[in-house]
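Q: I would like to learn how to read a protein model step by step, moving from single elements to the whole chain. Could we look at one together?

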Amino acid sequence: MLSERIEYMYEGAGERDECSRTFARFSINNLIGRFIPEGCRSFCLENDFSFYGSGWQSWGFGGEVACGKAQEKYFPVIPQWKQYFTPPGRRRGISRRALVGCFIMYLRWNVGGRNVYLALCSTGNCRTGTSALPPVVFGVDRNAREIACSVISDGHEWRRGDKIAELFVFGADGFFELKDSVRALYSHDDGERFGRLSFLGGGMIGGWESWYNHYADINWNLIRADLDSLDTSQNIVKVQFIDGGKPCVFQVDDGWERALGDWDADKSRFPSGMRALASEISSRGYVPGLWLAPFIVDFRSEFARNHRDWILCDKKGKPVAAGMNPLWGASFGKEQPSLPHSYFCLDLSRGDVLDYLDSLMEKVIEEWGFRYIKLDFLFAGMLVGNFAREGAPYEWYDKAVRVLTRRTVNAAGEGVAYLGCGLPFENSFNAFPLSRIGPDTKEAWDVGWLRAAHFPARTSAFANMQSTLGHAFWDGAVFLNDPDVVFMRSENIMLSDKEKILIALVNFLFASQLMYSDDPTEFDVSREGKLTEKICGLFGKFGGIEFGVENISPVAYSVFSRNGKYRGIINLGDSPLRAERKTVAGAGTDDAALEPVIEFASGRGNALVFEPHSISLYEVRYGGAERK
């Protein structure tokens, strides 16, 4: 692998940034000449590329942009949602027509069936125990064949000799070389980050959570009924985890709290309180889990009324809206200082706010007894505002997440895990080894009006799958990827069995957490039982085998195992995908016999037609070769 690590230092006399700082520009053609294998250089110099650039936080678009295409522009039907996927602060030095990505990006060329990558990774935050560096944004101009690099440093005061950023540039021949290279870059702690989660099983993390069926409409009786019934049917959690004596998470999601910001039990729903609930979960042998969104508040909450000075404001003194949710903000009036249904964020530069966050985690972990903490909407801690203390959002965010996650064991010596969600990738991977890597999934394939608006952070099985596959090379390297939940149920759902199989297999093959949200009290033996048995059989067949994935198009993918034994096709598109049998077998294995393991395809001879929203996997009977 051809590679180079480059450090960028501030050499001025000292200044404070009012917007992002551009620190480097690269000619793509020059990078090709330095880092792409010699036999592929001419093709890469003469041809356009597919682009991958992760979003700045986990709800951003996580797929590829095809050759010659621009990124889809969000039509702002809800203005507050734009910051879910747009890097915060004011950007300069990057063209408006540029393809924008953060943290890790690559350009990909398909050279005669061989996928070649040119990758740029921001590695300055790999050094634990040191001061955080600002997150990096890449702007790729197809026409100029140029990459501009900037940092989100609004509010930071630079001094001579300060480190601005560190980049690692390399070429990779195929998916597994790309993944292995990224793993080497971010495994800077000899596995300590991931090792902290070993009490959850040391392999695939799994369990049940309340959100994707009950949503916020939960109470003690409903959660207790789910707890009672989780081990009484052959649901996927029981088969994959409970029956084998593996650790199992039981996580209560949003709906338990009095209000956003009032992090105590709603006594009308949970009259016995949260300590009793965690104790009940633990007594069944499960790891008790709880959802929190510690950086955001509903302006109507008692907490917000008592701590108006803790809410982040802009330079005009107006509270900074973090987003929009109809449940979390008034539509108008004195208790809504922004657009309808906005919610707001805390000023993390304040010492009293950090003390509050520490006491909140003390209560949740030590007083109540929860040990799997889902911390959501963390991106709000990176929003730009008029902080009480001078500094940049990334500096205050770093301090706050260190406070939130400092308890890795409780007072009894039991392990504590944190799942980050809606979190800024680059400034979170050290504190959150387990992370959501895409937008929320949904019990429906897509949401038409949000798709038409090109909203990348929409709750959607399709958008979620695109991000899970796009971030597959991160799994076990940057994060233990959380792809969100699988679905098996036959009621209160619009997904077909074909789509459920696709979601389950993508999550199992390309991520590290398997969560289930169906109501175990309503387990349907005839439908859900048979589907679960089929899927768990496939899990057993593919367990312990590493899979890779490469784009054929933005919605179609080639799938293959590192050992060369399995190949397949994923079609997320709405139309059938046509391919040749030898293409599925792979370069160098044209004579391979393909034995279907799971197949949603039809055709005769060499022609195959893959159904929409499906995964097809084949065993290569002969002619296979290990992928590199």
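Q: Which residues of α15 are buried?
A: Bear in mind that this is a predicted model. The buried residues of α15 are E528, G529, L531, T532, I535, C536, L538, F539 and F542, where buried means under 20% relative accessible area.

Q: In what order do the nine strands of the open sheet run, and which are the edge strands?
A: The order is β24-β23-β22-β21-β17-β14-β13-β26-β25, with parallel pairing. The edge strands, each of which pairs on one side only, are β24 (480-482) and β25 (485-486).

Q: How is an aromatic pair described?
A: One gives the distance of the ring centres and the angle of the planes. The structure holds 53 aromatic pairs, and one of them, formed by Y74 and F455, is tilted, with 5.2 Å centre to centre and 40° between the planes. This pair links distant parts of the chain, since Y74 sits in the loop between β5 (64-65) and β6 (99-102) while F455 sits in the loop between α12 (448-452) and α13 (461-470), 381 residues apart. Both Y74 and F455 are buried.

Q: Why is the pair of F303 and W310 edge-to-face?
A: Planes over 60 degrees apart count as edge-to-face; the planes of F303 and W310 are at 65°, with ring centres 5.8 Å apart, so the pair falls in that class. F303 counts as buried at 8% relative accessibility, and W310 is buried as well, with a relative accessible area of 9%.

Q: Why is the protein as compact as a globular protein of that length?
A: The protein, with 16 helices and 34 strands, has a radius of gyration of 24 Å, close to the 25 Å that the globule rule gives for 628 residues, so it is as compact as a globular protein of that length. Its C-alpha atoms fill a box of roughly 70 × 70 × 45 Å along the principal axes, and buried residues make up 62% of the 628 residues.

How values were computed. Residues numbered from 1 in each chain as written. Predicted model: local features only at pLDDT ≥ 70, side-chain atom pairs only at ≥ 80, totals over all residues. Heavy atoms only, no water. Pairing = 2+ DSSP bridges. Helix = DSSP H or I, 4+ residues; strand = E, 2+ residues; numbered from the N terminus. Buried < 20%, exposed > 50% of the residue type's maximum accessible area, 1.4 Å probe, protein only. Rg over C-alpha atoms; globule rule 2.2 N^0.38 Å. Phe/Tyr/Trp six-rings, centres within 6.5 Å; stacked < 30°, edge-to-face > 60°.
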